[in-house]
Amino acid sequence: MIKIGDSWLILVLGDITQQKTDAIVNAANSRLAGGGGVDGAIHRAGGPIIDEECRRIGGCPTGGAVITSGGNLKARFVIHAVGPIYRGGRSGEAELLSSAYRSSLELAEEKNLKSISFPSLSTGAYGYPIEEAAQIALSTVIDYLKNQQQGSLKEVYFVLFTPGDYRVYAQVLERIAQKEG
Ligand code: AR6
């Protein structure tokens with residue numbers, strides 16, 4: 001857990017569908033068509049209203065994000081972020097992954113939300129190496145929080161699903177924090 005300005009960045013081990021933050025972020029695909037992994041879990045827990053809203057929106061480019069209500073979830077909103085499929089790292093994946101996080105943070109602020117939970121975008125079915133992805137995820141959020149003026153977001157959580165993923169994020173965060181002094 002580190003403080004950036006007057007906001008907190010917090011790592012937790014757990015299931016994102018159980019989070020009580022204002023929004024949770026889904027690792028979606030560009031058709032917003034649902035799927036496995038965290039996407040499947042969020043749609044199951046949130047109920048059919050989320051799928052209906054996704055269908056109405058129709059799709060979202062890679063690197064972007066859209067917002068729906070949270071249905072039966074504890075979170076009021078679901079932000080569906082589309083990370084890149086990892087194709088070796090030379091197809092603009094890093095910028096697209098960073099953009100998916102940034103777009104989600106911007107949507108949350110447009111809605112004046114105070115808290116948001118992210119999963120580790122792109123590191124499951126989309127195959128992004130977790131250490132590289134963690135570096136991008138954490139530095140994007142930290143840069144965003146540092147540069148925001150009077151932003152609404154006070155708590156940004158990363159909800160890691162396995163102890164291994166949690167360890168990687170914790171190590172990368174420690175490295176970033178040390179560098180920043
Ligand atoms: N809470 C938190 N994290 C979870 C949960 C959960 N309940 N379940 C899985 N994870 P993935 P992607 C972690 O595959 O790589 C879908 O089919 C998981 O351990 O969900 O962005 C979509 O429809 C992993 O670290 O998302 C897309 O087509 C992380 O979430 C595609 O997969 C992301 O894994 C997106 O692939």
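Helix α1 (37-46) and strand β7 (155-160) each supply at least two residues of the lining of the largest pocket. The model is predicted: local features need pLDDT of at least 70, side-chain atom pairs count only at pLDDT 80 or more, and totals for chains, interfaces and linings use all residues. Residues are numbered from 1 along each chain as its sequence is written, and side-chain values use heavy atoms, with hydrogens and water left out.

**Largest pocket**

- The volume of the largest pocket is about 550 Å³; a pocket is an open set of points on a 1 Å grid where a 1.4 Å probe fits, with protein on both sides within 12 Å along at least five of seven lines.
- Its lining (residues with an atom within 4 Å of a point) has 28 residues, of which A27, G37, V38, S120 and G124 are the closest to the centre.
- Helix α1 gives the largest share of this lining, four residues.
- By class, the lining comprises 14 nonpolar, 11 polar and three charged residues, with Gly counted as polar and Tyr as nonpolar.

**Packing of α3 and α4**

- Helices α3 (residues 93-110) and α4 (residues 130-147) pack at about 40 degrees, and their axes lie 9 Å apart.
- Contacts (heavy atoms within 4.5 Å) join A94, L97, S98, Y101, R102, L105, E106 and E109 of α3 to A133, I136, A137, T140, V141 and Y144 of α4.
- This contact of α3 with α4 has nine nonpolar, two polar and three charged residues.

Technical notes: Axes fitted to C-alpha atoms, helices over the stretch in contact; angles between N-to-C directions. Points joined across faces, edges and corners; volume = space filled by probe spheres on them.
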